[in-house]
Amino acid sequence: MWASIKKVVEKLTNFNLVLAGISLSFMAGLVFIEVMSRSLLNRSTLIADEMAGYLNVAIAFFGLAYTFRSNGFIKITILYNRFSSKWKGIVDVVSIVLSIAFSLTLFYYICGTVFQSYTSQATSVYISETPLYIPQLVMVVGIAFLMLQNVVELVEYIRKRIQNKMGSD
């Protein structure tokens, strides 16, 4: 059962990474079109900066879970490397639990923001008048998958510790 859950979360994390890559491609294409349009036609798309901003958020939030899984987040290794393996384990568990707590808090407030944007029909101030809940949903999805990846990491860590204790007894 656990292996299936872990595999699903891994596939979702990889899918989010693909979405981040697609967002990056779209952003690069949009900036290229804007530059060419201004240079050659002396005209602007009028939405490139707004959409590039939304895509930049998508790149960051869709990449969170994969970054966590691949140990890409910043760790103070000069201090961490001086810890004994016991203390490293404690620090790892505490950091994952704090990450889950922080992510859950962020998830709660971003969901509130999305709900408020949706119910008030808030739109961007740009010419596109993009409904703000649409780009804000990207943040909800990214944080949700970061939390899932955190939980998988915590459960895996606990499982390994239990197996190591059972093996040494």
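**Close-up 1. Asparagine 71 sits in the loop between helix 3 (64–69) and helix 4 (77–80).** Helices here (H or I, at least four residues) are DSSP runs, numbered from the N terminus. Although asparagine 71 is not a glycine, its phi is positive, at about 60 degrees. Its relative accessible area is 63%, so asparagine 71 is exposed (exposed means over 50% relative accessible area, buried under 20%, and partly exposed in between, with a 1.4 Å probe and protein chains only). A note for every view: this is a predicted model, in which local features need pLDDT of at least 70 and side-chain atom pairs count only at pLDDT 80 or more, while totals for chains, interfaces and linings use all residues. Residues are numbered from 1 along each chain as its sequence is written, and side-chain values use heavy atoms, with hydrogens and water left out.

**Close-up 2. Leucine 46 lies in the loop between helix 1 and helix 2.** Here is another residue to look at for its backbone: leucine 46 is not a glycine, yet has a positive phi of about 70 degrees.

**Close-up 3. Helix 1 (residues 2–40) and helix 2 (residues 48–62) have axes that come within 8 Å and cross at roughly 160 degrees.** The axes are lines fitted to C-alpha atoms over the stretch in contact, with angles from 0 to 180 degrees between N-to-C directions. Helix 1 is therefore roughly antiparallel to helix 2 (the word applies to angles over 145 degrees). The crossing is left-handed, that is, the near helix is turned anticlockwise from the far one by less than a right angle. Among the residues that meet are Leu17, Phe26 and Glu34 in helix 1 and Met51, Ile59 and Phe62 in helix 2, where contact means heavy atoms within 4.5 Å. By class, this contact has 14 nonpolar, 3 polar and 1 charged residues.

**Close-up 4. Phenylalanine 68 and phenylalanine 73 form one of the 4 aromatic pairs in the structure.** Rings pair if their centres lie within 6.5 Å; planes under 30 degrees apart count as stacked, over 60 as edge-to-face and the rest as tilted. With centres 6.1 Å apart and planes at 50 degrees, this pair is tilted. Phenylalanine 68 counts as buried at 14% relative accessibility, whereas phenylalanine 73 is partly exposed at 37%.

**Close-up 5. Tyrosine 118 and tyrosine 133 make an edge-to-face pair.** Their rings are 5.0 Å centre to centre, with 90 degrees between the planes. Tyrosine 118 belongs to helix 5 (residues 85–119) and tyrosine 133 to helix 6 (residues 133–168), so the pair links distant parts of the chain, 15 residues apart. Tyrosine 133 is partly exposed, with a relative accessible area of 25%.

Note on methods
Helix = DSSP H or I, 4+ residues; strand = E, 2+ residues; numbered from the N terminus. Parallel < 35°, antiparallel > 145°, perpendicular 65-115°, else oblique. Nonpolar A, V, L, I, M, F, W, Y, C, P; charged D, E, K, R; others polar. Phe/Tyr/Trp six-rings, centres within 6.5 Å; stacked < 30°, edge-to-face > 60°.
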